Amino acid sequence: MIKIAPSILAANFAQLGQEVKEVEAAGAELIHIDVMDGHFVPNISFGSIVLDAIRPLTSLPLDVHLMIENPDQYIEQFAKAGADYITVHVEACRHLHRTIQLIRSYGVKPGVVLNPHTPIETIHHVLEDIDMVLFMTVNPGFGGQKFISSVVPKVAALSKIIKERGLTIDIEIDGGITAETIVPCAEAGANIFVAGSAIYNQEDRAAALQAIKAAGEAAYVR
Ligand SMILES: O=C(CO)[C@@H](O)[C@H](O)COP(=O)(O)O
């Protein structure tokens, strides 16, 4: 099943609660939350206070993408604010396995994120310990960037390894996802798709979300 995770980074923050409810009603399966610290990425977004605000407004899982240095320092905060998934960048973790254990210790599903240039070999030894791998198909830090297609072969290669090992791990794609770019990613085995501008910047957000999902469903290789 293809799942769509709208990124609230592209939402109107003056009416964030309504923006979350709108995509839930439109058929979103997760709410994607981009946390940026101005160090790991060249932009600042928001912290766990935003989760506190939206957690009571939606029953959807909150998918928290930490684009921050020293993620261990903030995991408890995000877990207590209601995160269902917490994903951390391989590039930001000095002790990746420990960070994954820390996330799990709060009853939250751990995931790891790879920047476009980061090889999948960096996570071979933690695959048994995680629930999700998030592939960045833009350089993290900003919404509305162009999809980097050279990531797709990495997705296919990891999908094959996951199947060979008999694991159940979601493969999520983030950056420049549209009804067109979702196709090669779904063909490569990805099943969760973050979309910011392709949903929130559209007049009819429900139609945009459903069109992206339908394109992914048609292309997904089971
Ligand atoms: O993590 C990020 C950017 O760092 C993403 O979640 C983007 O916010 C997705 O936005 P679009 O590329 O879909 O506009």
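UniProt positions are given in the numbering used here, and annotations may be inferred rather than shown by experiment. Keep that in mind for these views, which all come from a predicted model.

View 1. An unreviewed UniProt entry places the feature "active site" at D34 and D174. The lining of the largest pocket includes both D34 and D174.

**View 2. Zooming in on D34.** You'll find D34 in strand β2, which covers residues 31–36. Is D34 buried or exposed? Its relative accessibility is 5%, and since buried means under 20%, D34 counts as buried. Leaving aside neighbours within four places in sequence, D34 is in contact with S7, L9, S45, F46, H65, M67 and D174. So what about a residue just along the chain? The side chains of D34 and H32 are joined by a polar contact of 2.9 Å.

**View 3. Now over to D174.** This aspartate is found in strand β7, made of residues 170–174. D174 has a relative accessible area of 8%, so it is buried. Look for H32 here too: its side chain makes a polar contact of 3.3 Å with the side chain of D174. Beyond four places in sequence, the residues in contact with D174 include H32, D34, H65, L134 and F135. M136, T137, V138 and V194 are also among them.

View 4. Strands β2 and β3 pair in the parallel sense, over six bridges. Which residue of β3 is the bridge partner of D34? That's H65. Why is β3 called largely enclosed by the rest of the structure? Because six of the six residues in this strand (62–67) are buried.

**View 5. The two sides of β3.** In a regular strand, side chains alternate between the two faces of the sheet. In β3, L62, V64 and L66 point one way, while D63, H65 and M67 point the other way. Whichever way they point, all of these residues are buried.

**View 6. A pair of cysteines to look at.** C93 has 12% relative accessibility, so it counts as buried. C185 is at 1%, so it counts as buried as well. A disulfide is a covalent bond between the sulfur atoms of two cysteines.

Terms used
Residues numbered from 1 in each chain as written. Predicted model: local features only at pLDDT ≥ 70, side-chain atom pairs only at ≥ 80, totals over all residues. Heavy atoms only, no water. Buried < 20%, exposed > 50% of the residue type's maximum accessible area, 1.4 Å probe, protein only. 1 Å grid on protein atoms, 1.4 Å probe; cavity = no way out; pocket = protein on both sides within 12 Å on 5 of 7 lines; lining within 4 Å. Helix = DSSP H or I, 4+ residues; strand = E, 2+ residues; numbered from the N terminus. Contact = heavy atoms within 4.5 Å. Polar contact = N/O pair within 3.5 Å; in protein donor to acceptor, adjacent residues only side chain to side chain. Pairing = 2+ DSSP bridges.
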